[in-house]
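Dear colleague,

I am passing on a structure that I would like you to look over when you have time. My notes on what turned up follow directly below it.

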Amino acid sequence: SKKKAAQFVSHRDSKITAIIIPKSIVNWGCTVLTHLRLSGHAICELPEELYDFTSLTHLDVSDNCLFGLSHKLGNLTKLKYFHIENNLIEELPYTIEKLEQIETFQCYRNPITTPPSAVWSMGIA
């Protein structure tokens with residue numbers, strides 16, 4: 001049987017400050033979760049388990065308090081739409097070069113000082 005894609009959207013009315021992903025959700029979400037929107041909260045750090053959701057094509061963590069992203073970001077090779085704008089991110093992980101399917105990458109309003117060379121070469125910095 002074919003698995004259906006799943007989406008998770010949080011509402012801005014409910015402010016999330018931390019994310020804990022139970023193992024049962026990781027096991028399920030790794031293969032079916034394609035869209036994850038956690039924008040407009042007060043999240044300071046993404047859990048390492050998030051980077052195991054390798055079916056993600058859309059990830060929106062904009063308008064939070066993120067200070068950085070894990071090098072495990074490179075695991076999300078199916079990402080097409082990636083929104084991290086309006087956070088506190090100073091540095092992008094070098095593994096961002098593995099996101100070869102990116103169509104939309106929004107990273108403005110972050111104090112990024114030096115993007116990885118892969119970002120410069122793509123012309124999206």
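Glu 48 is partly exposed, its relative accessible area being 36%, and Lys 72, at 29%, falls in that class as well; here buried means under 20% relative accessible area, exposed over 50% and partly exposed in between, with a 1.4 Å probe and protein chains only. Please bear in mind that this is a predicted model, in which local features need pLDDT of at least 70 and side-chain atom pairs count only at pLDDT 80 or more, while totals for chains, interfaces and linings use all residues. Residues are numbered from 1 along each chain as its sequence is written, and side-chain values use heavy atoms, with hydrogens and water left out.

Glu 48 and Lys 72 form a salt bridge, with 3.6 Å between the closest N and O atoms, the term requiring a side-chain nitrogen of Lys or Arg within 4 Å of a carboxyl oxygen of Asp or Glu. Because Glu 48 sits in the loop between strand 2 and strand 3 (58-60) and Lys 72 in the loop between strand 3 and strand 4 (81-83), the pair ties together parts that are 24 residues apart in sequence.

As for the fold, the protein chain runs β-α-β-β-β-β-α along the sequence, where helices (H or I, at least four residues) and strands (E, at least two) are DSSP runs numbered from the N terminus. Of the 125 residues in the protein chain, 42% are buried.
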